[in-house]
Amino acid sequence: MSSADSADSSAETNKFPADQSRPQLPLPSVVPIDTAILVPGFMSPAWMMWPLAHSLTDEVDCVVRWDYPRVFTDIQATIRSLASEIQSRRSHSQHLAIVTHSFGDWIARSALQRIEHHPPTRVVSICPVTTRIIVAAFMLQLTRWVLPELSVMSNQSLAEVPLPSAPSITHRVIWASGELLVPRYIPDPHPSLKETTVLGMHNS
């Protein structure tokens, strides 16, 4: 799958019973949010975000597990697809959250850069890719045509896409204490940035 149409059709909306106990993600608590878009990381299908989606249903009315192609993909089409998803959800939502993991954060930041007007939006970045990743540079020569994401992750100037500085956006970054893959670095922090460290690894 390499077209924008493939990416456009890949969002899944989840509803869960509200009476089940579950762990809570530390979202900023300024105002209640009614829609959350979950953006998975590099080579991570949307179903891997199911535990996180499940944990948010006490706080959020609508949880969307957004997905995108992972091999032989047009990365600009992926960005356009997410930008379209965000704008579509905003038309039915007063307070939107975008929760990302790893390279999904780069896609979300790039998508938000394409949107001119930003109503209240909370961005929660879990172990985000915010700058060059050394291991990606080693893998690039073998897989650049199959996995174009590596071209971004191995290039500092491409990887360091900032979050828009719009005052209607709030930003929380959650780092893992046992992180071994991505540098803990925010090159151009949003004025609202808050950082938290939790016990865990990049994918746990």
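**Figure 1. Packing around helix α4 in the predicted model.** In this predicted model, the buried residues of α4 pack against strands β2 (35–39), β4 (96–101) and β5 (121–126), and against helices α3 (75–90), α6 (149–153) and α7 (156–159). Helix α4 is mostly covered, with 10 of its 11 residues buried. The buried positions are Phe103, Gly104, Asp105, Trp106, Ile107, Ala108, Arg109, Ser110, Ala111 and Leu112.

Figure 2. One cavity of 30 Å³ or more is present in the structure. The volume of the largest cavity is about 100 Å³. Its lining comprises 15 residues, of which Arg109, Thr130, Val161, Leu163 and Ile186 lie closest to the centre. Two elements, α4 (103–113) and β6 (169–176), each give two or more residues to this lining. Sorted by class, the lining of the largest cavity consists of eight nonpolar, four polar and three charged residues. Arg109, one of the residues closest to the cavity centre, is also among the buried residues of α4.

**Figure 3. Confidence along the chain.** The mean pLDDT of the protein chain is 82, and 78% of the residues score at least 70. Confidence is highest in β6, at a mean of 96, and lowest in helix α1 (residues 4–8), at 45.

Figure 4. Residues 1–9 have a pLDDT under 50 throughout, and the model gives them 17 contacts beyond four places in sequence. Residues 15–23 likewise have a pLDDT below 50, with 15 contacts in the model beyond near neighbours in sequence. Where pLDDT is low, predicted coordinates should not be read in detail.

Methods
Residues numbered from 1 in each chain as written. Predicted model: local features only at pLDDT ≥ 70, side-chain atom pairs only at ≥ 80, totals over all residues. Heavy atoms only, no water. 1 Å grid on protein atoms, 1.4 Å probe; cavity = no way out; pocket = protein on both sides within 12 Å on 5 of 7 lines; lining within 4 Å. Points joined across faces, edges and corners; volume = space filled by probe spheres on them. Helix = DSSP H or I, 4+ residues; strand = E, 2+ residues; numbered from the N terminus. Nonpolar A, V, L, I, M, F, W, Y, C, P; charged D, E, K, R; others polar. Buried < 20%, exposed > 50% of the residue type's maximum accessible area, 1.4 Å probe, protein only. Contact = heavy atoms within 4.5 Å. pLDDT = per-residue confidence, 0-100.
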